[in-house]
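Dear colleague,

Please find the structure below, followed by a short account of what was found in it.

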Amino acid sequence: MNIDEEQKKKKTVVDTLWDILASVKLAIIIFAFIALTSIIGTVLEQRADPAKNILVLSRLFGESSAPTLYSFFDSLGFMDMYRSWWFKAVLVLFSVNIVICSFDRLPRIWKLVKEPLHPMPADKLGKLLINRQIVIKGKPDAVRSGVTEALKTARFRFTEVQEERGYQFYAQKGNYSRLGVYLTHFSILFILIGAMLGMQFGFKGYLNLPEGALSNSAVSNTDKEIPLGFDIRCDTFDVEFYGGSDMPKEYKSWLTVFKDGREVMRKSIVVNDPLTYEGITFYQSSYGMVPGAAQRGIAVLNAVSRTGKTAALNLRLGDTFQIPDSAVTGKILDFSPALKLDEHGHAVTYANMMNNPALLVEFTEGGTRLFSGWLLRRNPETWQLPNGDRVEFVDYWGVEYTGLQVRKDPGVWVVYLGCITMSIGLFIAFFMSHRRIWVKLSEENNTTRVLIGATTNKNKAAFERTLDRVVSVLSKKQEGVK
Amino acid sequence: MAYIVAMMIYITYLAFKNKQIGLTATTVTIVGFVAQTIAIISRWKEFADLSGLGFMRSAPFTNLYESLLFFVWCLILGYLIVEFKFRNRSFGAFITPIAGLALAFIDLSGVSKEIQPLVPALKSNWLLAHVTMSFIAYAAFAISFGTGLMSLIMTTEKRNELSYIFWTITVGLFVVLLASMGIDLFTFKVKVRPEIFIHNYLFRTSFLHPAAAVRLISWGLAIATLFAVWRYGSVLKKAIARLDVTSDMLEEITYKSIAVGFPIFTLGGLIFGAIWADQAWGVYWSWDPKETWSLITWFVYAFYLHGRFIRGWRGKNVAIVSVIGFMAVIFTYLGVNLLLSGLHAYGSQ
């Protein structure tokens, strides 16, 4: 007896806990908590230099209290809050809430979904959520076909039973739409599981790869070396600009992948179009100059003679070359990564990135100096020489690196699966409803009383409009009979 | 600009309740809407010709000016749907002012109206889907904000009620902010980028005026305004009670616009945004302020949808949540870019 009571008491504790974990109240407390703490997380820059956030705090609350506030928020983990133990704990609680709430409600909902309909007595039918009735001339047998015709506009597949003084039609649809909410809830679990898989088995890193260089590893965000398991080479990198401006239009890297020394893949990537090999994805994210390499690049030129003969050239600073079929030689004297002419017509370097690479070339013929000038890569008119020859400036290679984001995330497909499930679930939950309808035809002194009763779990007004249409079709038929 | 005219006519309609005036208001709105649709399409075409990216990739929603215009377009479309569905014009007086304010903001501030070339990150097929769906959702949320606020005003009784205090403060703050920003704009008459305006000019004629006296008076006036709205809120309530709307109808519209906005926001705003981020940056979620604020917005509306199932919450409490939800939307859309980026800017000030 005593043990029994003990068990009863224990069970109530478990029950209360279960009820709390299954409650909507807990859900909205979690929503509010995540929303409010996230606000702090957006004001304080995450994983930033402490000085930055002290500055932010001093702007908001004054300089004197900023350091104290900083150490307060820091001790609570707000400087990296989305990875803090308490944020993770709330997400776990959120998942538990979703699971328990589903277990709590699903059996009842499942019964509603699976439950077949039965004919309904008239008094019960009259008490349903939506009610319509109309009296039609003629006995039920005579009007039956007309009624079924009108009911077709409501788009149900009716079951028909013969009753004492007439017929009853009943049907339901969208019963599975009651599960849409649970689909949405479980999709959140998918997304969280996917995110966890990514954190556990994936990595995020970067790789700055100079033109021509080969690498077999990337650098993680915590500055650790991550072996890739293959080699990747940047063949060349290029920035395209809008017209004559310095506004970049596109960054493009040409990459080649080698596995065990053999070339296995070749692809050019731009922002929004990455390369993936063996689950590791390379994204175009930035670019820059290899330090100290500016004067050591290779100029890729095409020397074209008056007669149309072309010679492809790869040259370094200080090299000389010959225009084919002539005695004219050129010597590369200087290089500038970004050259423009100022208002006085002087050539000036205006940036240290490769916005408009230029070469200063001096041309001689038989030892006498002919002319010299800058060849600008983005200005083909500068390639034309006064004597009719042409030197095309194709590229200045080997001085830039391409900045690649490197990521491996085996969980991303689970996350996407969750996203798809969530979309479907939300669509079902908001735009579909479980509708049930009963239509009773009963004889009353040579007329037929048509009684319509219906229920829906959502969007009552739309269902009512559908039924109003049915009734108006029926009354029109009635007039037709007259 | 037809919307501003429409806004005035709607307000006149409210005052006089004349059928003819109401009909004129609707006509003017529709004319404005058609004109704007043509304007958007022609800008789209111009942009497509300029960028050479093809029609689908050159949606003209790539900067603040274009996106605000598109927001106004969605809002008016949503309003027209509500007007025809519920056969009621009274909402026009509440929703066209939002459109009018957005347009006034575009016109008075120095938002760049130029067609700008796309930066590489925006060149994606996701741009069109992500941005259009987000703004359709924002417009739906704006409508729920309007009707939610109206239902709050209608249903609150006592001055010491939490919901009464909430809506009077909301309306009061709205008035104070608009007034002070208006004074700033008219005093400085400068057209600069909004970030610069906020940094250098905002509230310099009132709360941040160099003279302490002016600052004090501004604060005093602001508090007086809040108090006045709180004290005489019943006047507004009576005005709304005169309209042929019921609080049930307002609640229904609030719920329905959120029921439309929430799934669209989830799919277009959050999910498409995540897929795009994954393609462009290699992370589908990086907790940057914009992403986090969209998530905050999402949680507020999730709060609204779940709050309806709690006994005693339906009605005033969830209406408060719907109003807060739209504030989160505004912050996600404007605040993150204009305020947080300023806060995080290094070395300024």
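Helices (H or I, at least four residues) and strands (E, at least two) are DSSP runs, numbered from the N terminus. On that basis, chain A has 10 helices and 22 strands. The radius of gyration of chain A, taken over C-alpha atoms, is 38 Å, well over the 23 Å that the globule rule (2.2 Å times the number of residues to the power 0.38) gives for 482 residues, so chain A is more spread out than a compact globule.

This is a predicted model: local features need pLDDT of at least 70, side-chain atom pairs count only at pLDDT 80 or more, totals for chains, interfaces and linings use all residues, and side-chain values use heavy atoms, without hydrogens and water. Residues are numbered from 1 along each chain as its sequence is written, with chains lettered from A and ligands numbered from 1 in the order in which they are written.

B:Phe262 and B:Trp298 are stacked, because their ring centres are 5.5 Å apart and their planes at 25°. Both B:Phe262 and B:Trp298 are buried (under 20% relative accessible area, against over 50% for exposed and in between for partly exposed; 1.4 Å probe, protein chains only). B:Trp285 and B:Trp287 pair edge-to-face, at 5.8 Å centre to centre and 85° between the planes.

Yours sincerely

Notes
Rings of Phe, Tyr and Trp (its six-membered ring) pair if their centres lie within 6.5 Å; planes under 30 degrees apart count as stacked, over 60 as edge-to-face and the rest as tilted.
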